[in-house]
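I'll jot things down as I look them up.

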Amino acid sequence: MKIAITGGAGFIGSHLTKAYLNAGHDVLVIDTLINGSCEALDPGARFYQLDIRDAKLQTVLQKERPDIVSHHAVQRQSALPLEEPSLTDADVHIRGLLNVLDSCVAASVGKIIFASGGNSLYRGIASSGSIGKTHPGQISVKEDAPLYPRKPHDISKAAGEWYVRYYTRQYGLAHTIFRYADVYGETASDLVQHPLSHFVGMLLAKRRPLIRGAADEIRDHIFIDDVVSANMCALERGCNQTLHISSGQGYTLKEFYATVAYLLQSEIEPVYISNSLIEPSSIVLDNTLAWQVLGWRPRVDFNTGVQLACERWYGAPVPAFAPVEVAQSESRIAAPVLVS
């Protein structure tokens, strides 16, 4: 199978490239290298340094005639909400996506896999038939829950979903829409986005990491290997579906930091920076539909994922640990307790 990956030099895209090549697929990468890196490019894939908004994209896809386009190009989010470039987000995520979709139709592409938003697409506290409880104080959201995007990045991604569905109805272009939880497992060569990577890098440098916003906010996080396996499943299944690719469990940044500090044997305390402009939104993404449609389930649990993430960044094994169950309160799931 021939697969084109937009954003293939980025964090998720580069991992997908490697997995597809290892599975024997023919892969081409389309990336500007603005948000990606040359080091992440796999020499086994053909590379086109091209912006997805460029009219030349149609020429490239008509030349290559891929069976599937995996659309993982993304406008990098700013760490500070007030600096978020709304026009640029819309230009990349909407105008760029429309150029990708038109190019897919012109090149008779069979299917597009579209990476949408995740946790932040939803309202954290809501009452709906699509929202249930998996743990005390932990909200589990299904794919049919009402969307409530609050940042330009998420608004443009939500709009992108509807354009993808429109092209399926109008032109017969099949799709799978993935709503990812917060993906972690970056290496030092990746452009860091997940806070865990910041924690590891700072602690290895013997510096105090920053924890921004609500440190006790519960969010769904998923290890990169599980994201890759879901995308492998989507090559053959999941047509015209919108699916959560998530762990189905919630953890706080405090828990991530405590785990990383234990693994790296560090006693450095983080610096907490609150942001009153950001409304805490504790939420977990229900992944039952992905199991039913794709036959996919996450395989990497929280403890294993954090340890693997540390090892990949560090480049060497770190001490093993085991979780110990503790009593749960009415408002919070049990936090992992690490023991040597």
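This is a predicted model: local features need pLDDT of at least 70, side-chain atom pairs count only at pLDDT 80 or more; totals for chains, interfaces and linings use all residues.

How many aromatic pairs does the structure hold? I get 9, counting Phe, Tyr and Trp (its six-membered ring) with centres within 6.5 Å; planes under 30 degrees apart are stacked, over 60 edge-to-face, the rest tilted.

I looked up Tyr 251 and Phe 302: the ring centres are 4.0 Å apart and the planes at 15°, so this pair is stacked. Tyr 251 is in strand β13 (residues 250-251) and Phe 302 in helix α9 (residues 302-314), so the pair ties together parts 51 residues apart in sequence. Helices (H or I, at least four residues) and strands (E, at least two) are DSSP runs numbered from the N terminus.

Numbering runs from 1 along each chain as its sequence is written, and side-chain values use heavy atoms, without hydrogens and water.

Buried or exposed? Tyr 251 is buried at 17% relative accessible area, and Phe 302 is buried at 8%. The cut-offs are under 20% for buried, over 50% for exposed and partly exposed in between (1.4 Å probe, protein chains only).

Ring pairs also link these two with Tyr 184, Phe 223 and Phe 256 into a cluster.

Next, charges over rings (NZ of Lys or CZ of Arg within 6 Å of the centre and within 35 degrees of the normal). I find Lys 254 over Tyr 272, 5.7 Å from the ring centre, and Arg 297 over Trp 291 at 3.8 Å.
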